Amino acid sequence: MTTATTATLANKEHRYIGKPVKRHDGFEKVTGQAQYAGDIKLSGMLYAKMKTSPHAHARILSIDASRARALPGVRSVITGEHGTAKVGIYMQDKSVIATDYVRYAGEVVAAVAADTLRIAEQAIELIEVEYEPLPALLDVCEAAAEGAPLIHPDLGSYAHSEGVFFPEPGTNIANHTRIRRGNMEAGFAEADIILENTFSQKQVFHVPLETHVTIVQWALDDQIKIWCSGQSPFSVRDLFAIGFEIDRNKIEVNIPFVGGGFGGKAGIHLEPLVGLLSRAAGGRPVKLVPTREEECATLPCRQGQFARIKTGCKKDGTIVAEAVEILWDAGAYADYGVNIGRASSTSACGPYYIPNVCIDAKTVYTNKLFGTAYRGFGHPECFFAIERQRDLMARELGMDPTDFRLKNMLYPGLTTVTGELVTENTGRPDKCLKSAARMIDLHTPYTEAEKAEMRLSGKYRAKAACVLQKAPAMPTWSASSALVQMNEDGSVRISVSGVDYGQGTYTVLQQIVAERLNLPIEKVNINRSVNTTLSPYDWQTVASRMTVICGMAVADAADDLKRQTLEIAAIALRASVHEIALGEGYVYVMQNPHLRVGFDKLAIGYVYENGNAIGGPLIGRGRAIAQGLSNLDPETGQGKAAIDWTYGAHAVELEVDTNTGDIEVLQFANCLDVGQVMNEQLLRGQTVGGILQGIGCALSEAVNYNDQGKMITNNFTDYKIPTFKDMPGEIKLDVVQTPQLDGPYGARGAGEHPLISVTAVIANALANATGAQFHDLPLSATRVHAKLEELREGQVNEIAEGMENFEPTACTA
């Protein structure tokens with residue numbers, strides 16, 4: 001695999017912004033010095049194990065834990081009677097531990113804490129549970145249908161974020177978000193061509209290297225300490241406090257190094273369960289380290305999706321109407337899933353202007369493992385459907401797919417589906433698409449010799465391109481705060497509560513401070529761990545929001561520190577503030593640079609020769625909030641849904657072996673409008689990683705169940721993730737830099753976006769190569785080969801001629 005960058009990403013106007021500054025934590029991680037939650041050992045620590053349900057849906061008739069409690073070394077055993085408190089970030093629909101019913105195979109019904117892990121494992125086997133199996137709803141369409149058996153009969157009583165989410169009691173719909181614009185009847189009447197398709201995707205796993213490790217010590221005076229591998233320290237504290245009705249000042253959450261998250265560690269997870277074990281054990285600390293199988297079967301995954309899209313176009317390619325229905329397979333619980341449905345609705349038509357729109361996004365309960373946030377937050381799934389539909393419509397029109405997209409693109413002066421005005425600084429998906437197409441020579445046809453070789457070998461090549469978009473999905477009040485403190489030696493230390501779990505956030509924050517203070521970056525440090533008692537507030541590390549929101553808070557704190565530093569230095573130098581400047585750890589008089597004072601002389605107060613002192617410790621404070629966001633109108637969905645949009649595009653060339661169904665990605669091009677590149681090296685790493693993650697979703701990854709709802713892919717033998725062998729032969733990267741005016745140095749988030757539309761662009765290229773139209777994922781070799789065999793035998797009427805006569809082109813129109 002080779003990578004190439006076709007643009008000079010670094011901005012020469014800046015000292016550190018845009019430069020490939022090395023990761024702040026690289027040395028500690030590669031040398032094994034970084035301490036993760038699993039490395040923590042506390043005095044008197046106990047070890048926990050969970051007993052889970054073998055049934056997807058059942059009534060719990062009885063639980064006998066007497067033999068487990070009697071086992072020497074067992075210190076606490078809890079069941080549903082101890083864990084009735086409900087927790088959830090947006091919808092409080094999940095008990096800490098199953099009470100009367102289990103709603104998915106793998107749900108926790110009992111837990112044990114013991115002196116050793118081996119004793120805990122033995123105790124779990126001694127707990128006897130009697131169930132009454134119930135019919136399981138495994139199909140999201142059946143679950144969403146009127147009259148379907150109810151998975152949550154008490155849905156109407158669940159606390160939730162009112163005015164934001166809209167559950168429908170008496171159904172399995174945990175949330176229904178609506179967006180309406182224009183006149184659908186008139187729009188479709190105006191259309192010359194109407195195309196309707198359905199698309200579906202199964203659940204997938206997050207697969208962080210580190211599982212959801214959790215340690216809790218619940219002392220007798222209700223002083224609670226939590227150590228966990230999480231993305232959301234303050235959300236864990238907040239939701240724990242709400243669930244157990246405890247003051248927040250009694251709860252301390254610690255986040256050490258985190259071994260990956262991809263959204264799966266946002267919100268709250270095992271902390272309440274482990275907390276109850278600790279309380280029952282008299283306040284001794286309890287540690288739970290899920291195995292990979294438990295991580296897969298019990299902890300949340302990415303939601304599945306079913307989408308129906310009906311699109312109306314004029315003969316010239318203008319889209320005049322589109323109706324979209326999305327059913328999100330939330331699984332057994334939807335505490336986070338409801339917001340995925342809401343977020344997806346605002347992007348359900350992509351970065352296109354369509355005057356008449358009807359969007360219904362429904363989050364639906366089923367008896368599967370429950371879903372949560374995942375990199376891209378619903379957009380990878382949505383854009384598979386959107387961008388497949390765009391290529392299929394272009395084929396119906398006899399129009400080049402790229403031209404079709406560009407004709408309907410959102411340009412400055414137009415409005416999004418929620419009524420947001422697109423400005424010159426919103427971003428340019430059209431420029432991204434043109435760049436991606438150019439990088440792989442999208443419209444250069446294959447030669448006759450190349451086509452002949454394809455037919456001879458049975459290995460067909462083709463190209464395709466797609467666009468993407470996403471905005472941070474977060475509450476209107478989502479905020480960050482930061483402290484930047486000067487040390488006695490003139491170095492500075494940053495403190496935030498955002499979590500760097502591999503994405504490089506802390507390195508970017510160091511760059512911002514070094515740039516603001518004109519200070520060598522080696523003198524800028526950042527606290528590696530988060531402690532909610534000592535660290536400043538932050539909402540969550542999700543949604544590609546850290547560079548924008550936390551970045552602005554850090555910039556604000558650095559500016560505050562700079563202001564204080566200049567004020568004290570001006571007195572010491574006998575100069576006005578406007579006559580002095582910062583540089584290399586000094587404050588100097590601009591006209592006479594030799595007149596200067598070091599940061600080290602100012603950090604805790606400036607001392608005159610006679611011993612008099614002025615100033616005091618220099619600590620900058622900063623804050624930022626998602627300014628301007630609004631709730632969406634419950635009937636029309638109109639409102640301000642995004643603080644910023646990040647647009648982009650992918651283009652791919654692949655080769656499919658029609659003899660085996662194997663797909664090889666030959667070259668992959670990506671272009672994102674990032675506003676301002678903050679760190680060239682980190683952006684490249686995020687982009688390449690996202691592309692590979694998307695390739696996994698496209699070609700191999702899927703959570704599967706048997707007919708009774710029991711998961712059959714709860715390990716890496718049965719669940720296939722991509723490896724370096726699956727990397728494209730060549731990856732080409734480019735950027736557009738349309739400044740985001742309220743982002744630090746014009747930057748916008750880009751962490752999630754490389755994953756979005758990867759599945760669609762691969763499926764479109766596969767269709768261009770073979771004529772096989774796939775409406776669901778993954779595109780495994782077995783499925784592709786079977787479909788091609790059907791085409792050869794004339795069993796599927798998707799192309800007029802058999803495979804042997806199909807003419808591959810660079811971009812089939």
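Reply: Buried area here is the accessible area (1.4 Å probe) that two parts lose on being put together, summed over both. This is a predicted model, where local features need pLDDT of at least 70 and side-chain atom pairs count only at pLDDT 80 or more, while totals for chains, interfaces and linings use all residues. Residues are numbered from 1 along each chain as its sequence is written, and side-chain values use heavy atoms, with hydrogens and water left out.

The domain assignment (automatic or from a database) puts 37–136 + 214–288 in domain 1 and 304–474 + 631–806 in domain 2. Their C-alpha centres sit 37 Å apart. Each side brings 21 residues to the contact, meaning heavy atoms within 4.5 Å.

Between domain 1 and domain 2 about 1800 Å² gets buried, with 61% of that from carbon and sulfur atoms. On the domain 1 side, Y90, Y104 and F262 supply 32% of the area buried against domain 2, more than any other three residues. The domain 1 face that touches domain 2 has twelve nonpolar, five polar and four charged residues; in this scheme Ala, Val, Leu, Ile, Met, Phe, Trp, Tyr, Cys and Pro are nonpolar, Asp, Glu, Lys and Arg charged, and the others, Gly among them, polar.

As for salt bridges (a side-chain nitrogen of Lys or Arg within 4 Å of a carboxyl oxygen of Asp or Glu), the count between domain 1 and domain 2 is zero.
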